[in-house]
Amino acid sequence: MISLNKRRTFLKVGFFSSAIVFTNGCDILGVEKLSDTIKVVQNDLFPKAKELHINISKYMNIIFQHSRVDETDKEFIKNGIKWLNEEAVKMFEVPYTKLSKSKRQEVLEGIAKYRWGENWIDNMMRYIFEAMLGDPLYSGNNEEAGWKWLGFKGGNPRPKELYL
Amino acid sequence: MKYDICIVGSGAGGSPIAYELSNAGYSVVVLEKGKNYTEKEFSKDELGVSRRDMFTPPLKEQKHIINEYSQSGEFTRYDGAESGWNFWNGSMVGGSSNLMSGYFHRMKPRDFKLRSSYGKIRGANVVDWAINYEELEPYYEKVERVVGVSGSAVKHKFEEPRSTKSFPYPALQTNGVTKWFDKACLELGFVSIPTPRAVLSQSANKRDACYYSNFCGSYGCASGAKGSARAALLQQCSAEVITDAFVYKLDSKDSKVTGAHYYDENLRSHTISASIFVLSAQAIESSRLLLNSKNKEFPNGLANSSGEVGKNLIFSAGGSGSGRFVFDKLTQTQQTELMQTGLFFNRSLQDWYDYDDGCRKYKGGTIDFLFEHQNIISRVNKELYDEDGNIMWGDKLAKKIEKSLKTSRVLTFEVFNDWLPTDNCNVSVDDKQTDKYGVPVGVINLSSHPHDLEVGEYLAKKAVEVLEEMGAVEIDYSISASPPPNLVAGGCRFGNDATNSVLDKNCKAHDLDNLYVSDASFMPTGGSVPYTWTIYANSFRVADIIKGRLSK
C-alpha cells in the first residue's frame, strides 16, 4: 500500500523524470531515467539546438503537463525511449546513453527504418522545433536564439501568458 | 425577461442581426458557446494558436463522427476524437470570423442561378437560389462599409455589377512581388485582380487600421482592423452576449419556438424566452441543434417536416498549390523584395469563372494567391523529409532548413470552385455518442462529386502557368475531395417549396412562425468564392426583414 501511494506521488511529480524499464520480452535489460535519454537523443537529433542554448528539457516538461497534448502522444514519447533503448541493447548490448556518438547515430538510423521509429523521430523533431522557435515565454527559445538563427522576428503582440 | 430576439451563435451569420436590431432599439441576447477575447488578448503565439488549438474545443470533449463515402457508396467511419479530424473553426465571441484571412469576393449573378445557367449535372442536387444577385447587392455594399472591405475594383469579364464605383477603403499595401505577378499575368493575357480584404486599410468605425503584423489568417487581430463579427459588429452595439452558453435544445409549441435551453460552463441549465429566435451556430451545428430539438410536433427534428434538415451540406471544392522563388535566380533587388515581410500579396484570378472545354460550358471559379503562412514552426516542419521521402535530422537537416528559409520563399495559391450538393453529403446526429454536455454529437457524412475535381484541376493548371511565367521552381498542387472545415455551408436550404426546403426566401423556417436560420446553412449552392462576405450580406438582409416585421 505504501509503495503504491509512493508510486502515485511519483507519477504526479514528474512524468519526465520517471524511470523507463526496458526488456527483451522476458528479462529486464536495464532502467533509465526518461529525462536522461531524452536529453541525449534530442541533442543527437538536432545539435544546433544545444549550440544555440535552447532549453529543450524545460520545454518538454511543459509538453508532458499540457492539457492539449493527448495522453497517447505523451505515452508514445515514453514508449519510443523504451524501444530506442531496447534497439541499442539489441545492436550493442548497452543502453542508448552509454554508447558513443557514432554508435548512437547507428541506432537512430536503425529505428528510422521502422514505422514507429520514423514516426517517433518525426514527433521528437517537432517538439525540438517548438522549443527552439516558439515564443521565448515557453522557456525553450533562449533569448530568441532560434528565431535569430533563421532571421525571424516573431509576430506582435507577443503572448503575455503561457497557454497550457 | 422575454427578449425581442434571441440569437444562437455570435459569428458572421448572427452578428449583423444583433447589430441592426439592437441599434433599432430592440432587446437582443446572443448565446455563444465559447469565451470572449478582445484585441488586448490576441497575441501571435504560434504554439497556443496553431499547435495547441486554443480557440477550438478539445476533441475528447466535443467531437464529430465522420463517415467518408466513396463514389461507390461505401463509407469509412471516423471518430473525431480518435482520428483527430477536427471540424471546429473557432469557439469564441465572433466565431471563426476572428481567425479568417478575410479574402472577400462577392458571389456573381450566375452563382444564384447555377441550375438554369449550366443545366443538370447527374448525381448533383443543384437548384437555383430563391433570391437573385440584385436582391443581395445592397447588402454586399453595406458589408463593405460597416464590416469594412479594402480593395480597388478592377474591370474584368466576370466582374459583378456594383452599386458604388469602388471600395470604401483603399487597397492594403502589397509586397513588391505582386509586380512580378501582374507582369506575368499581362504576358499571359490574364487579368490580375487585387483581392478585396475584410481588413481596414485606414482607421474607421472606431477601429484601428491594419498594422501589417505578418500573422493575419488563423490569428485574432490585435488592432481591430480585421472585420470579425466581434470587432465590427458586437463590440459596436448594445446586444447582450452571454458566453460559455451551449444551446442544446429549442422548444416549440403551436408552430412557434418558445425557448432556448443552454448549459453554462458548470453544466447548469438555463432557458431564454424571446419573440423571435435566430439560429446561426455555423452550418453543421445549426442542423445538429434542429435535429436534437425534436418534439411531439416535430418528431424528425425541429423545422424538419420536409425531412431536409441536414441535407445537401456543401464545402468549398478545389485545393491548393505552390511554387518557390529561389535567390539563385533573382537579382539582389528582387531578393530584398521577396523577403519583405508584413505586406500582403493580395492577388486573385477569375478569368475562368466560366469556361468552355469545347464540349460544354463549365462553371469555373476563383484562384487566390498569397505567401505561405509565416508560422515559423510549421515552415520548418515542412523541411523534415528529403527528396526521397526519408526523415532527416542532425546538421544536414539544419543546413537544409537554413537554406530554404533564408534564401527562398514560397508563394501559394488556393482554388475555390463549387462543391456540388449530393445525397451522401449531409449532417445527422449520432444515436450513441455524446459530447461533454451529454448531447448527441453531429455526424458529418462526406461525399464529393467527381465534377468538382475536374473543375479544380482545370483552374490549378492555370495557376501553375502563372507561377511558371514568374520563374518559380518546385511548382506543385493538390486538388482533392477533402473538405475544408472552415468553408462549410448548407444543411437548411432556402427555397419557395416547403416540401423540399427548410427555409423560405427570408430564411425563416417554413414550419415555424418565429425561427430564422441566418448562417451559411441556407445556401443551396456556394458559389466559387469563400463564403463569409455572402454570409454577412445575407444576415444584414434577414435583419431588415426582421426589423420590418417587428415594426408592424
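Begin by selecting A:Pro157, which lies in the segment after α8 (145–149) of chain A; helices here are DSSP runs of H or I with at least four residues, strands are runs of E with at least two, and both are numbered from the N terminus. The peptide bond that leads from A:Asn156 into A:Pro157 is cis, with omega near -5°.

Before going further, note that this is a predicted model, in which local features need pLDDT of at least 70 and side-chain atom pairs count only at pLDDT 80 or more, while totals for chains, interfaces and linings use all residues. Residues are numbered from 1 along each chain as its sequence is written, and chains are lettered from A and ligands numbered from 1 in the order in which they are written.

**Chain A as a whole**

A cartoon view of chain A shows 8 helices and 2 strands, which follow one another along the sequence as α-β-β-α-α-α-α-α-α-α. Of the 164 residues in chain A, 32% count as buried, where buried requires 20 or more other C-beta atoms within 10 Å of the residue's own, exposed 12 or fewer, and partly exposed a number in between, with C-beta atoms placed from the backbone.

**A helix pair in chain A**

Next select α5 (residues 71–92) and α7 of chain A, whose axes come within 10 Å and cross at roughly 125°; the axes are lines fitted to C-alpha atoms, for helices over the stretch in contact, and angles run from 0 to 180 degrees between N-to-C directions. The two helices α5(A) and α7(A) are therefore oblique to each other, given that angles under 35 degrees count as roughly parallel, over 145 as roughly antiparallel, 65 to 115 as roughly perpendicular and the rest as oblique. Show side chains for A:Phe76, A:Ile77, A:Gly80 and A:Trp83 of α5(A), and for A:Trp116, A:Trp120 and A:Asn123 of α7(A), as these residues make the contact. By class, this contact of α5(A) with α7(A) has 5 nonpolar, 2 polar and no charged residues, with Ala, Val, Leu, Ile, Met, Phe, Trp, Tyr, Cys and Pro counted as nonpolar, Asp, Glu, Lys and Arg as charged, and the others, Gly among them, as polar.

**Across to chain B**

Now show both chains: the contact between them takes 28 residues from chain A and 28 residues from chain B. On the side of chain A that touches chain B, α3 (47–51) and α7 (115–133) each supply at least two residues, and α7(A) gives the most, with 8 residues. That side of chain A has 14 nonpolar, 5 polar and 9 charged residues. For the model, the scores are ipTM 0.95 and pTM 0.96.

**Inside chain B**

Chain B averages a pLDDT of 97, and 100% of its residues score at least 70. Select helix α1 (residues 15–23) of chain B, which is mostly covered, with 8 of its 9 residues buried. These buried residues of α1(B) pack against β1 (2–8), β2 (28–31), α7 (229–232), β9 (269–279) and α13 (532–550) of chain B. Just after α1(B), stop at B:Gly25, which takes a positive phi of about 95°.

Move on to α6 (residues 177–188) and α12 (residues 450–470) of chain B, whose axes come within 9 Å and cross at roughly 115°, and which are therefore roughly perpendicular to each other. Here residues of α6(B), including B:Trp180 and B:Phe181, meet B:Glu465, B:Val466, B:Glu469 and B:Met470 in α12(B).

**Last stops**

Where is B:Cys507 found? The residue B:Cys507 sits in the loop between β19 (488–491) and β20 (515–517) of chain B, has a positive phi of about 70° although it is not a glycine, and is buried, with 28 other C-beta atoms within 10 Å. Another non-glycine residue with a positive phi, of about 85°, is B:Asn214, in the loop between β5 (193–194) and α7 of chain B; with 19 C-beta neighbours inside 10 Å, B:Asn214 counts as partly exposed.

Technical notes:
Contact = placed C-beta atoms within 7 Å. pLDDT = per-residue confidence, 0-100.
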